[in-house]
Every structure is written in C-alpha cells, then in structure tokens.
Amino acid sequence: MPRVLTDEQISDFRRNGFLSPVPVLTGDEARHYRERLEAAEARWPGSLAATNRNNGHLVFSFLDALTHHPVILDVAQDLIGPDFLVSNSVLFIKEPQHDGFISWHQDGTYMGLEPDNGVTAWIALTHSNRNNGCMSMIPGSHTGGIRPHHDRFRDNNLLTRGQEIDDVDVDCAVDLILEPGEVSFHHMRTIHGSQPNRSDDRRIGYAVQSFIPVEVHQTKARGFAQHAHGATADSTMTLLPRAKGDMHKADVARRDQVNAILSDILYSGAERRRNY
Ligand SMILES: O=C(O)CCC(=O)C(=O)O
C-alpha cells in the first residue's frame, strides 16, 4: 500500500521519470523557509552562496527540517521503498534577471553512485515557472541509460562542468511549474535542464539530491550519506549526523570535509575545475 501517492502517480513516475507537482508546504510555510534562508545568507555570508551550495542540510536546521520533512519522506518511500538515505543536497538559486541556466543533463552521470536509481526532491521556495527558469524534463529518458555528456564549461552554466547532452528532443520537454511549497521528484537518470531567470525576483529551489536506496554505494571515493528512512545500518556509506542547529563548529567542519570529497567526485576526470 502506498503511503501518500496514488497507484496512478507511482506509475506516472515509473513511466516518465518524474512526478510533479506534489503539494508539501503551505504558502506561509514556504515563505517562512525563504525567510530563514535569507536570514542565514545575511548572518553567515557565503555559507549558502553558489560556491557553497552543497549540503546546507548538514549545517542549518531549517534545511535539515526540509530534507527530513515527513511528507517528502513518505513520497520518497512510495517511489524507492522503505530503506533509504540522503546522499547530498543542493541549493539552486537563480538571481533576478540573471543569465544562469542548467544544460540538459542526467544527475547520475558524475555522482559515482551505483546503482543510479535514486530520486531527487526539488522543493520550490518561490514560484518556479517559464519566466523565472523552472526545470524541464524529458519524459521516459530515465529508461535509456546514461547518455554521453560533453563538458563545455560555458559561462553562466550553473552545472559544475557545464556538462551537456546533445540532440535532446526538446519538443517533448515538460515544464515543471511549481507554486511556493510544491515539490517535484525526478529519477537520477531523467534528462532535465532549465532556462535563465527573466523575472525581478529570485527563483529558489532546494534539491535533496538524492534520496538513495540503502544498497546504493559510492564508487569514486569514500561515500557519505545520512539516514533518511527505515533500516540503513547495513549501508556501505559513512553515515553523517543531523545538524545540531545553525552553523555549529563541528557541523561546519564536517560539511567542509564532505564537500571537498564531493567536489573531487563531481570533477573527477574533468579538464578544469570551477569554484562550485
Ligand atoms: O534548479 C534547476 O534549475 C535545476 C536543478 C537540477 O538540475 C536538479 O535538481 O537536478
């Protein structure tokens, strides 16, 4: 018996490789999380900047709470089974009228996670629509394996290596339009991308990237993850504790260590390295 999704939603996810929108937070709750985020940016400059966008949930209680939100965990359980971890999280912020974009890619390509059967929860803390650069997905693209990616390092490409899949059938792309507080879920192999933000407000998405079944292991380096749901003690990953509050010294040191290793994983074999 699924916990929160209908059988139809689960088969939609299996067929398309994504599910959207799923209402999780009220508008007021989403606003509250945005305020917490912007207060953190003001108090600890750089702690959540683009160059430090990974794994904020290890050092901020509000991102920890979003990562472990019971409804999000229920949806993840319906999609990948009861025993799973969180491997990473990423804040995807597009500033107003900014040229930043995300080229067509599959998340699983450089993550070193095997099997690559995790699911990402992308939580909208603002509106996310065609004008401000919402994500677009290619239905069914998770079923065909990992496609060749070209590291192009183009300016304004918000992906680490500017990795890009050529010849994507963009005519069948589906835009994931979300209200603040709604969440989309996508498979680690689903091809997706997003356009620049042409609005006068920020577009803020917080991605739990990804929820991974307990049997997933890291092939490129020492693997870190955090318990999310069910029985995960047998994981080969080093299990990380939850954030103790906001920017506790030991948490910050742990996040820095985990992010340095993540950076080595994401840039492994690349000709260049950027500062994000
Ligand atoms: O936020 C975006 O526009 C893209 C995010 C993304 O690529 C992802 O969550 O996997």
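The model is predicted, so to speak, from the outset: local features need pLDDT of at least 70, side-chain atom pairs count only at pLDDT 80 or more, and totals for chains, interfaces and linings use all residues. Residues are numbered from 1 along each chain as its sequence is written, and side-chain values use heavy atoms, with hydrogens and water left out.Helix α1 spans residues 7-16, and its buried residues are I10, F13 and N16. Here buried means under 20% relative accessible area, exposed over 50%, and partly exposed in between, with a 1.4 Å probe and protein chains only; helices (H or I, at least four residues) and strands (E, at least two) are DSSP runs, numbered from the N terminus. Down the axis of α1, the buried residues fall within an arc of 145°, so they line one face of the helix; the arc is that of the directions from the helix axis to the C-beta atoms. The face turned away from this buried side carries the exposed residues D7, E8, R14 and R15. The buried residues of α1 pack against β1 (18-23), α4 (70-80), β6 (119-124) and β11 (182-187), where contact means heavy atoms within 4.5 Å.

Helix α4 is also the place of Q77, which counts as buried at 16% relative accessibility. The side chain of Q77 makes a polar contact with that of H229 (3.2 Å). A polar contact is a pair of N or O atoms within 3.5 Å; within protein, one must be able to donate a hydrogen and the other to accept it, and residues adjacent in sequence count only if both atoms are side-chain atoms.

Turning to the ligand, a polar side-chain atom of H192 lies 2.8 Å from one of the ligand's oxygen atoms.
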